[in-house]
2 protein chains.
Amino acid sequence: MVHIYTGNGKGKTTAALGLIARSLGRGKQVCLIQFMKKNFEYGEIQFYSQQKNLDIFQFGTDKLIEPNKPAAIDLEEAAAAYRKAKQVLKSQKYDLVVIDEINVAVSWGLLDLAKQLELMQLAGDAEVVMTGRYATDEAIEKADLVTEMREIKHYFSKGVKARKGIEF
Amino acid sequence: MVHIYTGNGKGKTTAALGLIARSLGRGKQVCLIQFMKKNFEYGEIQFYSQQKNLDIFQFGTDKLIEPNKPAAIDLEEAAAAYRKAKQVLKSQKYDLVVIDEINVAVSWGLLDLAKQLELMQLAGDAEVVMTGRYATDEAIEKADLVTEMREIKHYFSKGVKARKGIEF
């Protein structure tokens, strides 16, 4: 089954991270592949990097990406993330494969939509979770489960900054 | 800050579970209190019960509850969950307190809305996450962050049953 968690609200990546906990609790083999999230310190990675039965592969840089104007390195990292995801899915080694922020990578021009759709096609018996804002209609059409995390209100609008252990 | 994750889509409890991973990765003290989830085996509990810095308290029975017609035991369990949550928040011992399914408990007549609002008031410096469908307007008004997990599509509608490691 392929899940998509999209929308502008808090809870997309964290829902995928929670699913990882649940699957690990059942002794399943899990893989987390992240677009646009390398070279930055995340609480969830500090936590999960100590877990067995979970492999983590991060791609990207620590620089902000300008939507639809990616630098060469951004395109290279996204291409590497795609190749890793393809290899991981083809290996059929994992029960759950989370491909974090892939929807944003497609929306911002870092990855062709056709490649995301190809990865969805490769899910096989694995549970595949794709996160990020801006999921396309085509990806939504192809997915088995889609949740829109819709922001009703957010403390960011009151000037609260992203905080360790809550946002990252 | 008080978060509410509500709506009819998949991802409310799992987002809270993911936030627990992130907070634990930052060395924070975390407490998970669950309404209506005792005496059933959950992958996430199997996983997290092995974690230090996390205390878990479950309440409820293994019987289904009929909305607005709770049995005496359901009311007792919900009252015990409320008392535990109040004690936990007043202790100020935790950085993150997840109160799972409390929105449903209120909606189904297991807990007075006034008691949920009282717990929100007790958050203090802690991050408090309240999950479950049917959050009331009053709770939403009082919260700092609200995400509606909105179901766009779900494989349950194709007849797929809840599966170990994915739904529980």
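Analyst: Rings of Phe, Tyr and Trp pair if their centres lie within 6.5 Å. In this predicted model, A:Phe47, A:Tyr48, B:Phe47 and B:Tyr48 form one aromatic cluster. The whole structure holds 11 aromatic pairs over all chains.

User: Why is the pair of A:Phe47 and B:Tyr48 called tilted?

Analyst: The centres of A:Phe47 and B:Tyr48 are 6.3 Å apart and their planes 35° apart. Planes under 30 degrees apart count as stacked and over 60 as edge-to-face, so the pair is tilted. The pair crosses between chains, from helix H2 (residues 43-48) of chain A to helix H2 (residues 43-48) of chain B. A:Phe47 and B:Tyr48 are both buried.

User: What makes A:Lys84 a charge over the ring of A:Phe57?

Analyst: The charged end of A:Lys84 is 4.2 Å from the ring centre of A:Phe57. The cut-offs are 6 Å from the ring centre and 35 degrees from the ring normal, and the charged end of A:Lys84 sits over the ring. A:Lys37 likewise lies over the face of A:Tyr42, at 5.7 Å from the ring centre.

User: Why do the S3 strands of chains A and B stand at the edges of the sheet?

Analyst: The open sheet has 12 strands with mixed pairing, and its order runs from S3(A) to S3(B). Strand S3 (54-58) of chain A and strand S3 (54-58) of chain B each have a single partner strand, so one side of each is left without a neighbour in the sheet. From one strand to the next, the twist averages 15°.

User: How do you know that S1 and S5 of chain A pair?

Analyst: Pairing requires at least two bridges, and strand S1 (residues 2-6) and strand S5 (residues 127-131) of chain A have four, in the parallel sense; therefore they pair. A:Ile4 stands opposite A:Met130 in S5(A).

Methods: Residues numbered from 1 in each chain as written. Chains lettered and ligands numbered in written order. Predicted model: local features only at pLDDT ≥ 70, side-chain atom pairs only at ≥ 80, totals over all residues. Heavy atoms only, no water. Axes fitted to C-alpha atoms, helices over the stretch in contact; angles between N-to-C directions. Phe/Tyr/Trp six-rings, centres within 6.5 Å; stacked < 30°, edge-to-face > 60°. Buried < 20%, exposed > 50% of the residue type's maximum accessible area, 1.4 Å probe, protein only.
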